[in-house]
Structures are given as structure tokens and as C-alpha cells.
Amino acid sequence: MAVEKLIRCLEKLQKLHESLFALATEKTEAVKKQEIERLQKITQEEQAHIRAIGALEQERETLAKVLTGGDGTLSDCIAAVSGEARSRLETLRGSLIGITKKLKQQNELNQMLLYHSLQFTQFMLDLIYPKNQPATYGPPSGQKAAAAMPRFDSKA
């Protein structure tokens, strides 16, 4: 009974991760096209997915502890069962590992795109609003006024 619940939980986790990957891919396009509203909407959807994944992960841990009576890792669960349930758990573990790797790569790409977008924005702002030195008379930068002008002694 716990094995069936665990398999259903892992299937839900897999679907949520696949949906999260689709959102990450959509986010890449939104960043490329500089669609801010779309990017905000995608980020909100991602946060909802992450909360759901967190809840399912807690359920998975509980089910795994019940099944194994110990630490509750997925590897322990696979070792604790046999037959069709074992092959199904191995398949789900492989697909979860695969989708999380793809998701990690997509998120790294998005992070890089956002970083470059911010650099470009900063560059454009620096062009529009340059940081000029004030156009006033005074001693060269780094020197004090007294050191810049030698004193004139009229008694000498």
C-alpha cells in the first residue's frame, strides 16, 4: 500500500518538474524578448510549482520512511521492494534525475541571460547618465590646495 502511494507521489513530482522545466524554457524566451509582465507571471507560476514540489517531497519522505523503516531515501525504497514496483521506482528515479538535470541547465542559462541583460542595462544607463567630473577650477585630483600652489614670500 505504501509502495503504491510512493509511486503516485513520485509520478506527481515528475509531472511538476516537467511543468517547471516548461516554465523555465518559457522564461528563457521572455528574457530574450524582454517581456517583463510575462516574466513576472512565469515567476509567480514557478513559485507555486516549487511550493507544491516541497509539499510532495515531504509526503515522499514520510512514505519512504514508512516503507523502509529507516532513513527513507529512494535507493532504500528500491532495495526494500521487488518485482514490478521495483522496476517502476527505478524508472521514476531515472526520469526524475534526468528532468532535474535539464531543469538545472535551463535555470543556469536563464541566470546567465538575466545577468547579461542587467549588464547591458547598466551600460546603457552609464551612456545616458555619465559620471562626469565637476567642471570647476581647483587642484588636480589627489592633491590638496596648499600643496598645489607654492607660497609666495614677499619678504625674501
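Which residue forms a salt bridge with Lys-41, and how far apart are the closest N and O atoms? Point 4 has the reply; here are my notes in order.

1. A word on the basis. This is a predicted model, in which local features need pLDDT of at least 70 and side-chain atom pairs count only at pLDDT 80 or more, while totals for chains, interfaces and linings use all residues. Residues are numbered from 1 along each chain as its sequence is written, and side-chain values use heavy atoms, with hydrogens and water left out.

2. Let's start with H1 and H4. Helix H1 covers residues 2–33 and helix H4 residues 84–128; the two pack with their axes 9 Å apart, at an angle of about 20°. Helices here are DSSP runs (H or I, at least four residues), numbered from the N terminus. Axes are lines fitted to C-alpha atoms over the stretch in contact, and angles run from 0 to 180 degrees between N-to-C directions. The angle makes H1 roughly parallel to H4 (angles under 35 degrees count as roughly parallel, over 145 as roughly antiparallel, 65 to 115 as roughly perpendicular and the rest as oblique). The crossing of H1 past H4 is left-handed, a term for the near helix being turned anticlockwise from the far one by less than a right angle. Their contact has 18 nonpolar, nine polar and six charged residues. In these classes, Ala, Val, Leu, Ile, Met, Phe, Trp, Tyr, Cys and Pro are nonpolar, Asp, Glu, Lys and Arg are charged, and the others, Gly among them, are polar.

3. Now H1 and H2. Their axes come within 9 Å and cross at roughly 160°, and H1 and H2 are therefore roughly antiparallel to each other. H1 passes H2 in a left-handed crossing as well. In the contact of H1 with H2 there are 21 nonpolar, four polar and eleven charged residues.

4. On to the salt bridges. Side chains of opposite charge can pair when their charged atoms come close. The rule asks for a side-chain nitrogen of Lys or Arg within 4 Å of a carboxyl oxygen of Asp or Glu, and the count comes to eight salt bridges. To settle the opening question, Lys-41 pairs with Glu-45, and the closest N and O atoms are 3.9 Å apart. These two residues are four apart in helix H2, so about one helical turn separates them. Lys-41 is exposed, at 51% relative accessibility, whereas Glu-45 is partly exposed at 31%. For these words, buried means under 20% relative accessible area, exposed over 50% and partly exposed in between (1.4 Å probe, protein chains only).

5. Glu-26 forms a salt bridge with Arg-38, with the closest N and O atoms 3.8 Å apart. Glu-26 lies in H1 and Arg-38 in H2 (residues 36–68), so the pair ties together parts twelve residues apart in sequence. Glu-26 is partly exposed at 33%, and Arg-38 is partly exposed at 28%.

6. Arg-60 is buried at 13%, while Glu-57 is partly exposed at 28%. Elsewhere, salt bridges that share partners join Glu-26, Glu-35 and Arg-38 into one network.

7. Finally, the cysteines. The structure holds zero disulfides, a disulfide being a pair of cysteine sulfur atoms within 2.5 Å. Cys-9 is buried at 1% relative accessible area, and Cys-77 is buried at 0%.
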